[in-house]
Amino acid sequence: MEKDVKRTESSTIIRNIFVYLVSVLLALGIMAIVVLLFGFNVSKVLRTLLTSSFRTSFGFQETIKKTIPLIFTTFAFTLPFRIKFFNIGGWGQMLFGATIVTVVGLTISKSGITLPAYIMIPLLIIVGILAGGFFGLIAGSLTAKYNINPIISTIMLNFVGVQFLNFIATNPYFKDPLEGHPITLPLPKSATLGFFGGIPNSIIFAVISIFFVYILIKKTRLGYEINAIGYNLDAAKTYGINFPRIIILTFFIAGALGGLAGTFEVMNIHKKLVEGFASTSGAQYGTFGILTSLIVAGDPIGVPVAAFFMSVLLVGADALQRTMQVPVELVFLSQALIVLFIVIIRQRFERRV
Amino acid sequence: MEDENLVELRNIRKAFGEVVALDNVTFSVKKREIHGLLGENGSGKTTLMNILYGLYSPDKGEIYFEGKRVKIPSPFDSIKLGIGMVHQVSTLVPEFTATENIILGTEGDKYTLPINREREKIKEMSKNLGVKFPLNVKVKELSAGIKQKIEIIRALYRGAKLLILDEPTTSLVESEFQELLKSLKALVNGGVTIIFITHKIKEALQACDRVTVLRRGRVQGIEKREDTNKEKLVKLMFMEKEIRVTESAIPKVELPPCKKSKEPVLILKNVSVEGGEKSVGLNNVSFEVYGGEIFGVASVSGNGEKELAEITINPSKIKNGDILISAKSVKNYETLDVFSNGVFYTPEDRIKEGILPEGSIKENILLGHHAKKRFLRNNIFINWEEARKTALDVIKNYNVITPTEELAIRRLSGGNIQKVIIGRAFISPINLLVTHNPTSGLDISTVEFIFKKLVETRNSGSAVLWINEDLDELIIISDRIAVLHKGELKGIFEREEFDKYKIGLLMIGG
């Protein structure tokens with residue numbers, strides 16, 4: 001009997017690989033047809049899409065640059081998803097984290113205090129965690145206290161995040177007078193992270209976050225309580241799990257992870273706050289975080305793999321646009337189709353079992 | 001013509017796994033009569049009606065409708081035959097009006113919904129039957145009694161000749177019940193036949209021309225209203241006919257003498273709890289449970305037994321009064337604090353409230369104990385090794401049939417799931433076990449196992465609060481039985497005074 005279970009476990013893995021493979025192939029197949037209708041060279045398009053990340057070191061670095069924030073925003077969605085709640089607010093949490101980190105960093109430097117990097121960097125990371133966590137906390141508390149659907153509260157908070165970022169980026173106190181666009185002054189050097197071989201140093205924190213979420217979910221009492229609520233809210237409540245407390249904590253941690261995405265974008269990539277950040281990278285990571293999380297269905301170990309794969313497609317999409325004038329939207333189409341197919345095929349399988 | 005049977009079920013047998021729900025049941029209803037189907041919860045009333053309505057198919061037996069042998073594989077077929085069912089809980093769409101609800105799902109014209117035309121039809125029909133209700137008000141604004149009328153008309157609108165009413169009085173007040181009676185008489189005069197499912201003898205006597213009494217899946221008697229009375233029906237409902245004890249589905253377990261503790265383990269002092277939609281709550285309930293005794297609580301579902309079970313582990317729901325465990329007031333405790341005071345609980349609905357279906361057996365064993373030192377490291381991390389060992393112990397000691405402790409619990413059978421739930425209660429030493437309908441729907445060997453476990457717990461000096469809707473079971477191994485009716489304690493019987501008739505009568509408020 002022991003063997004039976006092992007067999008079902010390995011067959012689950014095989015089944016998952018099958019689901020992913022079929023979904024990706026189906027999606028790319030449909031994309032190929034559309035590309036053909038647009039009159040592009042199909043094999044060249046597909047080759048560019050899938051290999052741009054690996055042909056040059058620049059491509060690979062770009063891919064990692066996108067993978068890092070995507071891991072954070074994916075986790076921001078994954079944790080509440082385990083208790084069957086949707087955090088659509090990864091975008092807003094990311095922007096709010098980025099904005100508050102910039103505000104604190106610039107306020108310190110403008111007030112003439114010079115803090116060494118080993119104080120400044122941890123300080124700003126904590127600020128980013130608290131800022132994103134605060135946004136998550138609002139949504140979690142509204143759900144716990146007034147039973148407000150977090151989909152609504154987090155979407156609304158996204159708008160708050162965007163407008164608050166615009167407010168800071170255009171604020172005369174923070175704005176860079178030399179820039180024509182609304183962009184803040186650069187952060188002091190002690191507040192920024194560097195690169196190692198073209199790879200952003202913030203990758204260390206992304207790796208830490210993977211361990212953190214894994215241990216949280218698999219090893220801690222809080223993680224057990226989160227899982228229990230996800231499995232069966234009624235039983236969890238009956239046996240003494242404090243639902244309001246857990247949902248508030250879960251959304252705080254999710255928001256904090258979302259906030260870190262923005263924190264490292266500011267500290268490691270832009271080194272200042274750019275108004276357009278809200279609509280380009282901000283929106284991109286917010287949305288793709290949700291897609292990536294849906295692909296792995298809440299499994300923390302799958303997250304970095306899926307985030308990397310999504311980033312490969314994003315980098316490939318950029319390359320297609322630049323070299324072949326293929327619209328990026330075509331790639332977005334294939335990404336959306338991949339998620340759709342995975343969800344459909346997985347559902348079919350589960351119903352049969 | 002009047003005496004002709006409209007419907008007849010012959011020698012119906014239905015088993016779920018090893019549990020026989022209906023055993024050779026023959027049941028017939030004459031045209032234009034109101035026929036009561038009387039029995040306790042779990043007596044097989046609902047199973048029998050679900051067979052007639054096409055939700056279950058019988059293992060054996062035949063169904064005749066209007067003299068012809070029929071097969072009813074689905075509710076769609078029963079509706080086609082002219083059988084309509086009004087369920088216990090309203091199935092109307094609250095945001096729709098009565099008219100919209102009634103025509104919902106019927107075939108209108110191809111592309112349009114002829115709502116005005118149909119409204120006139122419904123008006124006409126309800127007028128002829130003497131059943132009045134507003135047609136254009138959203139259903140959510142209407143009372144339970146009116147909603148029920150709408151459900152009845154909906155069934156008739158679809159051509160029902162036979163109407164099955166499942167516990168129709170659950171959410172009605174007395175005046176609404178009288179109103180319902182009037183409507184039913186009017187319907188019968190209009191040519192409709194009615195099956196009235198109930199566990200309330202008083203209502204059966206008032207509403208029905210004839211009553212069939214079911215007990216443990218068998219027909220105990222068919223009584224005409226003019227020839228029967230309350231006493232007769234109570235006997236049929238609650239007592240074995242002759243010496244069927246050995247055949248009954250209750251195992252025999254001995255209850256040896258056992259010394260009660262000096263001080264009570266659980267004390268309820270004038271406890272009141274607000275009721276919910278389906279229940280009356282608790283009103284000024286006081287009793288004490290001692291170590292070394294099994295304190296049975298007998299109650300028909302919806303009379304406050306659910307609240308009683310809940311407040312023992314979640315005292316925050318108490319409105320008035322006090323609850324003490326081992327002489328300490330726990331009124332302000334959270335569930336986990338109550339648990340850490342040596343109390344544990346097995347809920348009534350084991351799937352809905354008892355388990356994490358997708359979780360492993362190991363994860364399920366931990367539920368409720370997850371805040372205890374033994375299962376934690378540094379107060380933050382779960383000690384999974386300890387949880388695994390404990391799960392293996394439970395699997396071994398309770399004979400849970402499973403390949404491994406990592407299996408998702410939903411893949412176990414009902415009996416094995418219950419063994420895990422019971423086993424979980426004993427992984428830490430306990431002073432008080434609160435258990436609610438632990439045996440419902442289980443086969444006789446598992447029931448016996450649970451009985452033995454309850455007795456063993458009592459013999460070890462712990463207290464057992466056993467809330468159960470099956471009086472026969474309570475009588476076998478309770479030291480005392482308290483009766484709960486409409487949220488009030490109607491009496492406590494010592495073991496020497498156990499009398500099925502007396503207790504049964506109190507359970508139904510007689």
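Here is a friendly note, in numbered points, on the predicted model of this complex.

1. **How to read it.** Residues are numbered from 1 along each chain as its sequence is written, while chains are lettered from A and ligands numbered from 1 in the order in which they are written. As the model is predicted, local features need pLDDT of at least 70 and side-chain atom pairs count only at pLDDT 80 or more, but totals for chains, interfaces and linings use all residues.

2. **Confidence.** The predictor gives the complex an ipTM of 0.88 and a pTM of 0.82. Two residues are in contact if their C-beta atoms, placed from the backbone, lie within 7 Å.

3. **Overall form of chain B.** Chain B has 17 helices and 22 strands; these are DSSP runs numbered from the N terminus, with helices being H or I of at least four residues and strands E of at least two. Its radius of gyration, taken over C-alpha atoms, is 25 Å, close to the 24 Å from the globule rule (2.2 Å times the number of residues to the power 0.38) for 510 residues, so chain B is as compact as a globular protein of that length. The C-alpha atoms of chain B fill a box of roughly 70 × 55 × 45 Å along the principal axes.

4. **Where the chains meet.** How many residues of chain B are in contact with chain A? There are 25, and they touch 17 residues of chain A. On the chain B side, helix 10 (335-340), helix 11 (350-354) and strand 18 (381-382) each supply at least two residues.

5. **The core.** The largest nonpolar core has 234 residues. Such a core is a set of buried Ala, Val, Leu, Ile, Met, Phe, Trp, Tyr and Cys residues joined through C-beta atoms within 7 Å, where buried means that 20 or more other C-beta atoms lie within 10 Å of a residue's own. Leu465(B) is among the residues with the most contacts inside this core. Beyond its neighbours within four places in sequence, Leu465(B) has contacts that include Leu266(B), Val289(B), Phe295(B) and Leu432(B). Buried residues make up 46% of the 510 in chain B.

Notes. A residue is buried if 20 or more other C-beta atoms lie within 10 Å of its own, exposed if 12 or fewer, and partly exposed in between; C-beta atoms are placed from the backbone.
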